[in-house]
Amino acid sequence: MDWGTELWDQYDILDKHTQSGLDLVDKYVKFVKERTEIEQTYAKQLRNLTKKYSPKRGSKEEQECRFSNHQAFLDILNEMNDYAGQRELIAENMMINICIELTKYLQELKQERKMHLSDAKKAQQSLEGTYKQLDNSKKRFEREWREAEKAAQYAEKTDQDLNATKADVEKAKQQAHMRTHIAEECKNDYAAQLQKYNKEQNQFYFTDMPLIFNKLQEMDERRIKKMAQGYILFADTERQVMPIIGKCLEGINRAGTNVNERNDSVVLIEQHKSGFERPGDLEFEDYSQGINRASSDSSLGTPKGPLELLGKNKNKTFRLFNKKSKLPSSSLSPFSTPPTPSPANGPPSPKFGRDPLSYCLKEINKTVKPRISSFRTLKRTPVDTEGFTHLPPEQRRKRLQQKIDDISKELQKEMDQSEALGKMKDVYEKNPQMGDPASLAPQITQTAQNMEKLRGDLNKYESWLAEAGGRGDSIRYSTHSLNNNGAHNPSSPGALSDDTDPSQAVYTEFDDDFEEEEVATPIGQCTALYNFPGSSEGTISMQEGEVLSVVEEDKGDGWTRVRRNNGDEGYIPTSYATITLNK
């Protein structure tokens, strides 16, 4: 169906429809352009965010990057910066591949539509001009015919008038004859104009306008196809950068995984430990006894130790915390007596080492991490579809047979090419002036390698088909098998002899196909436990409680082949039915 035939009288509708299509292209371009602006703004804000929180050179934050949690945050900022770059790349690709291309294509469509509509208007104006000429000739014919009738009536009246002279009668007759002649000429002109208009009208409605409408239809279909490509590009543009975005997210995940709280504690200890001994107990000074000056310098005096080691702060009271630091009332004073260790909080057993919490975390990691890793591996492992093992048996056999046919066709092409190269080599050997036979050796070798690879793939898929219970219907292209030198191999297996009738072989193969299509004998019965829609290829639907005949039992793939009483066969899930096999 086309517009020229079905919509020959809907010029205004087609005009509005094509214009709305162009408006849709323009609207989609604006939509994608705004999307790119959003992506660019988003990327810019992400870059500003990472710049805001990135440590400056020589600052205290940069020095703290030796801690794993600080370094992990810095890695996250770097990954987010790369992520922003990918958002910018999405915006750039959308602008180039969609906005610019569709804008250029839209201008071409506008020019093409304008040209087609202009041709339609020209054809319409030409037809209207011809119709005006027809109308003028028709009115002239009508006017002249009335004048001729009046002249004829006047001549007849003059002829019957007894008072009229012979000259008056002759003059009236001549006038009537002249008017009649002029009317006949106008009639002929009117007939010619009518014939011309009908011809142009037929040309207009059956040739010119249908051709223009069909061109508009072709233009609109091309526009729709281009729009479909633009829709696909909208998703593909982002899908192309998804692997890199995924790597950025993996880097963020890796940064979190690399955080080591124990190592950060060790780094802090190594960085800030002073190496001083804790202050000892103060000695009792007894003022009730007379103490001489010499004894004041003895062991009862101010002990030497940390106060002397503090250097310039030795005259100040030793404090573990700054004056601004306020401890809660329940906090332990630096001079209070530490609690006596009890068996509950005593030293850890050698099994846990010095840190029981670290030991528990390590044990949890040993147990949980392999399971998480195996779960992720299982989740990300793609389905092996090369042998179509994910399909039901019937579908698998069909897909394998289709794959075998495709490989056989490719193998036939390679054989034909090899045969052509062999003939060309023979020609070059007989006529050296036409070319060098040695120049064909690389092509012949490459063709032979391709044939070997295709034969290996063919054998592999045929073995899978045999495992699936199918029969190999592929044609063995061994009649054209060639050696590496391009010569024919008449002793190839399966080659037809010269006295063999090809049609007889075709009929024999045709009969074999019908002989192998035998109805299998049921081996049991099954009762459906659940409803099964059977929407996939090779399956059959069933209702709960329906009794079916079992034709082929489950071979380990979870599918059982069954048959209804009307002869319909297909596969059902084995777990959806109760199966009873004949003994």
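**Close-up views of a predicted model**

R35 is buried, with a relative accessible area of 15% (buried means under 20% relative accessible area, exposed over 50%, and partly exposed in between, with a 1.4 Å probe and protein chains only). This is a predicted model, in which local features need pLDDT of at least 70 and side-chain atom pairs count only at pLDDT 80 or more, while totals for chains, interfaces and linings use all residues. Residues are numbered from 1 along each chain as its sequence is written, and side-chain values use heavy atoms, leaving out hydrogens and water.

View 1. A salt bridge here is a side-chain nitrogen of Lys or Arg within 4 Å of a carboxyl oxygen of Asp or Glu. E238 is partly exposed, at 23% relative accessibility.

**View 2. E39 also forms a salt bridge with R87.** The closest N and O atoms are 2.9 Å apart. R87 lies in helix α4 (residues 68-160) and E39 in helix α2, so the pair ties together parts that are 48 residues apart in sequence. Both R87 and E39 are buried, E39 having 6% relative accessibility.

**View 3. Five strands make an open sheet.** Their order is β4-β3-β2-β1-β5, with antiparallel pairing; two strands pair if DSSP finds at least two bridges between them. At the edges are β4 (569-573) and β5 (577-581), each pairing on one side only. Strand β1 (residues 524-528) is joined to β5 by five bridges. Look for C526, which stands opposite I579 in β5.

**View 4. Two cysteines, C186 and C248, are buried.** C186 has a relative accessible area of 3%, and C248 has 4%. The structure holds zero disulfides, a disulfide being a pair of cysteine sulfur atoms within 2.5 Å.

Conventions. Helices (H or I, at least four residues) and strands (E, at least two) are DSSP runs, numbered from the N terminus.
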